[in-house]
Amino acid sequence: MAYEFRLLETGFHRAAFNMGLDEALLRSVAEGRSLPTLRFYGWAPPAVSIGYFQGLHEEVDAAACKTAGIDVVRRITGGGAVFHHHEVTYSIVLPLSHPLARPNILDSYRLLLGGIIEGLSILGIEAEFAPINDIIAGGKKISGNAQTRKLGCLLQHGTIILDVDVDRMFTVLKVPQEKTRGKLIEDIKSRVTSIKHCLPQSESMSFETLYATTIQSLKKGFAKALNLALVSSVPTEAELQLAEQLAQEKFSSQTWITLR
Amino acid sequence: MRLELVGKPEGCKLLRMTIDVEPPLVPSSRIRSLSIRGDFFAVPEEAFDELEHKLEGTTLEELGKKFDGLVRQNGLECLGITGSGLDEIIQKELHNGI
């Protein structure tokens with residue numbers, strides 16, 4: 001018997017709302033008011049998210065972000081800084097008591113990322129799990145992921161890179177002191193790939209078509225790999241209200257953004 | 001005195017530490033305060049914040065061992081950060097500083 005999961009496709013939103021909605025879904029599932037949930041979403045305007053333990057000013061040129069109209073947000077999950085632009089982002093929330101929630105975080109990554117690996121395979125891309133939290137295709141990173149556990153639930157969110165502009169990325173991300181900008185950009189270009197790069201036939205696709213096609217494949221991939229029965233839905237009014245509240249009071253607040 | 005340390009020890013993510021220590025800079029210097037940052041994972045995150053405070057008062061040479069002990073005691077699951085990784089970064093600084 002398949003596991004019933006709610007499927008949300010919430011479109012493109014500001015960074016603070018996106019993080020607010022992920023936390024609202026976590027709380028809603030934790031309180032038993034919603035089914036375990038798989039959500040797909042995007043970012044408008046583009047954004048930089050940093051991991052819970054990262055120092056804002058060590059990772060991000062906040063002034064450059066402001067000038068370029070790029071949002072900055074701190075996640076509730078660990079991991080590294082991410083420039084969210086041409087990508088599909090997903091989140092998955094389930095109780096820790098659920099059979100798909102493994103006690104060990106690394107085991108959970110391995111299991112849940114099976115959904116993305118299967119989705120990429122449906123698209124025609126052979127990919128594999130690269131511990132701790134990445135998926136690689138042809139030896140290069142195509143997906144980065146982060147997981148936390150709170151209120152008796154597991155939240156994992158991550159990105160599937162559709163297209164990558166490393167030069168633009170490093171107009172807003174800081175370059176570590178020990179590296180030169182040019183060297184770092186070359187390093188990243190050699191270590192990161194994208195769906196557009198892996199699938200030459202997608203070169204001519206618009207971003208909107210590639211985004212929609214990728215989500216279709218990921219839905220099938222999650223359903224197959226994790227044995228999910230996905231029920232298309234929308235966030236509840238209570239979830240949307242809480243997401244707005246968290247976006248304003250937590251994720252947009254300087255206290256939170258500059259926590260470290 | 002304040003130490004600003006960065007490193008990526010084997011098996012760890014990029015780790016950054018700001019440590020205020022009582023001078024002089026020797027292995028037995030006591031830590032007045034410290035902040036550990038980086039792209040590692042520690043769950044629950046809030047327990048890591050508390051762990052940082054509990055490391056205050058320990059010596060530089062004991063930091064890694066104390067860190068690992070507190071991770072166990074507080075039921076934290078850490079990925080990409082270890083006591084030996086923190087020690088490696090500190091040892092490098094001590095080697096350079098002495």
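Q: Which residues does B:Phe48 touch, not counting those up to four places away in sequence?
A: Contact means heavy atoms within 4.5 Å. With residues up to four places away in sequence set aside, B:Phe48 touches A:Phe53 and A:Arg260, together with B:Ile36, B:Phe40, B:Ala42, B:Phe67, B:Leu76 and B:Ile81.

Q: What kind of model is this?
A: It is a predicted model, in which local features need pLDDT of at least 70, side-chain atom pairs count only at pLDDT 80 or more, and totals for chains, interfaces and linings use all residues. Residues are numbered from 1 along each chain as its sequence is written, chains are lettered from A and ligands numbered from 1 in the order in which they are written, and side-chain values use heavy atoms, with hydrogens and water left out.

Q: How many residues has the largest nonpolar core?
A: A nonpolar core is a set of buried Ala, Val, Leu, Ile, Met, Phe, Trp, Tyr and Cys residues joined through side-chain atoms within 4.5 Å. Buried means under 20% relative accessible area, exposed means over 50%, and partly exposed lies in between (1.4 Å probe, protein chains only). The largest core here has 55 residues, and B:Met17, B:Ile19, B:Ile36, B:Phe48, B:Phe67 and B:Ile81 have the most contacts inside it. Helix α1(A) gives the most to this core, with 9 residues. A second, separate core of 41 residues includes A:Leu7, A:Phe40, A:Leu199 and A:Tyr211.

Q: Is A:Asp22 buried or exposed?
A: A:Asp22 lies in helix α1 of chain A and counts as buried because its relative accessible area is 1%. A polar contact is a pair of N or O atoms within 3.5 Å; within protein, one must be able to donate a hydrogen and the other to accept it, and residues adjacent in sequence count only if both atoms are side-chain atoms. Such a contact, at 2.9 Å, links the side chains of A:Asp22 and A:His157. Beyond the neighbours within four places in sequence, A:Asp22 is in contact with A:Arg39, A:Tyr41, A:Ser91, A:Leu155 and A:His157.

Q: Which side chain is joined to that of A:Ser34 by a polar contact of 2.8 Å?
A: The partner is A:Glu239. The side chain of A:Ser34 is also joined to that of A:Ser28, at 2.7 Å. A:Ser34 is found in the loop between α1 and β2 of chain A, and its relative accessible area of 14% makes it buried.

Q: In what order do the 3 strands of the open sheet in chain A lie?
A: Two strands pair if DSSP finds at least two bridges between them. The order is β4-β3-β5, with mixed pairing. The edge strands, β4 (71-74) and β5 (82-84), each pair on one side only. β3(A) and β5(A) pair in the antiparallel sense over 3 bridges, and A:Ala47 stands opposite A:His84 in β5(A).

Q: Where are the cis peptide bonds and the positive phi values?
A: Most residues other than glycine have a negative phi, and most peptide bonds are trans. A cis bond runs from A:Ala44 to A:Pro45, and A:Pro45 lies in the loop between β2 (37-43) and β3 (47-50) of chain A. Another cis bond joins B:Val43 and B:Pro44, where B:Pro44 sits in the loop between β4 (41-43) and α1 (45-54) of chain B. A:Leu151 has a positive phi of about 55° and counts as exposed at 57% relative accessibility. A:Asn227 has a phi near 60° and is partly exposed, at 38%.

Notes:
Helices (H or I, at least four residues) and strands (E, at least two) are DSSP runs, numbered from the N terminus.
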